[in-house]
Amino acid sequence: MRLNWMNSLRGILAIGLMSGVVACGSLANCFNSGFASVACGGGYGDRDSSSLPQPTTTSAEGRWTGTTSTGRAVAGLVLEDGSYWLFYTARDNPNILAELVQGTGTSHSGSFGSSNTRAFNLEGAGIRAATMRGRYVPNKSFDATIAYVTGETESFTSSYDADSGSAPNLTLVAGSYVGLRADNHTATVTMDAAGTISGHSTDDCTVVGTLSPRAKGNVFHTSMTLEGGACRQGPETLTGVAFYDATTNRLYSAALNPARTSSFIFLGTKQ
């Protein structure tokens, strides 16, 4: 009788252990699902958690630098909410700002797609609607093709900028920047260590604004007010992003109104 009871107990324990294996699948799958501490149990206490693999980026989020199929330099970023801001320069001249491509996309299993792309062109094409489709490898590469409603396309390849993980530093960015636009006008933007911005261009456009660090990544939130002149018939406040490339001493900044019908776009080199 005692032997039969012991055999039954061993059977119950065996079933319990097999159930645990089925529930977890594998140790790696338990961690990826986010339920390791509940489903897996046994063997990893609090003191061991710091040695476990930490979650990594699974989207196209980050800062990217590369080139287009038509010889333009492209620098931009994809934020944690899927919004993206891509700065294009003139063909074969990385010092002249030619276009901003902006929208919100979705990252999924290495594919990136956006149906609300809008391009703000400084070479005479104006504002154009578009779509964007691409592929990415997290923290490594991001390649895509933009299809404009006019029928034109523009493809780019880019690599991950390791500076994406740095903390934004207003003191480092503070200074005076000068940039040349594709419409042959020069713009100057000055910013202090508190994030106060003032700027003007040779076509009599004047702006004032602020720059403040975002909570994540080496990116800033910016708010710009167009004060009239060639910018607008009257004052208008726009919001957007900015980032600083310490390697080239360049400041990239763009701000839009909610309808995305007005824009402030700037690429300048620190003087």
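This is a predicted model: local features need pLDDT of at least 70, side-chain atom pairs count only at pLDDT 80 or more; totals for chains, interfaces and linings use all residues.

Colleague: How many helices and strands does the secondary structure of the chain come to?

Modeller: The chain has 271 residues, of which 39% are buried. Its secondary structure comprises four helices and 17 strands.

Colleague: Which residues touch the most other members of the largest nonpolar core?

Modeller: This core has 21 residues. Elements giving two or more residues to the core include α4 (170-173), β13 (205-213) and β17 (263-270). A second, separate core of 18 residues includes Phe 112, Tyr 136, Ala 144 and Phe 156. In the largest core, the members touching the most others are Val 173, Val 207, Leu 211, Phe 264 and Phe 266.

Colleague: Is Ser 155 buried, partly exposed or exposed?

Modeller: Ser 155 lies in strand β9 (residues 153-160). Its relative accessibility is 26%. Buried requires under 20% and exposed over 50%. Ser 155 therefore counts as partly exposed.

Colleague: With which side chain does the side chain of Ser 155 make a polar contact?

Modeller: Leaving aside neighbours within four places in sequence, Ser 155 is in contact with Thr 67, Thr 68, Ser 69, Ala 144 and Thr 145. The polar contact of its side chain, at 2.8 Å, is with the side chain of Thr 145.

Colleague: How far apart in space are Ser 155 and Ser 69, C-alpha to C-alpha?

Modeller: Ser 69 is among the residues in contact with Ser 155. The two serines are 86 residues apart in sequence. In space, their C-alpha to C-alpha distance is 5.5 Å.

Note on methods. Residues are numbered from 1 along each chain as its sequence is written. Side-chain values use heavy atoms; hydrogens and water are left out. A nonpolar core is a set of buried Ala, Val, Leu, Ile, Met, Phe, Trp, Tyr and Cys residues joined through side-chain atoms within 4.5 Å. Buried means under 20% relative accessible area, exposed over 50%, partly exposed in between (1.4 Å probe, protein chains only). Contact means heavy atoms within 4.5 Å. A polar contact is a pair of N or O atoms within 3.5 Å; within protein, one must be able to donate a hydrogen and the other to accept it, and residues adjacent in sequence count only if both atoms are side-chain atoms.
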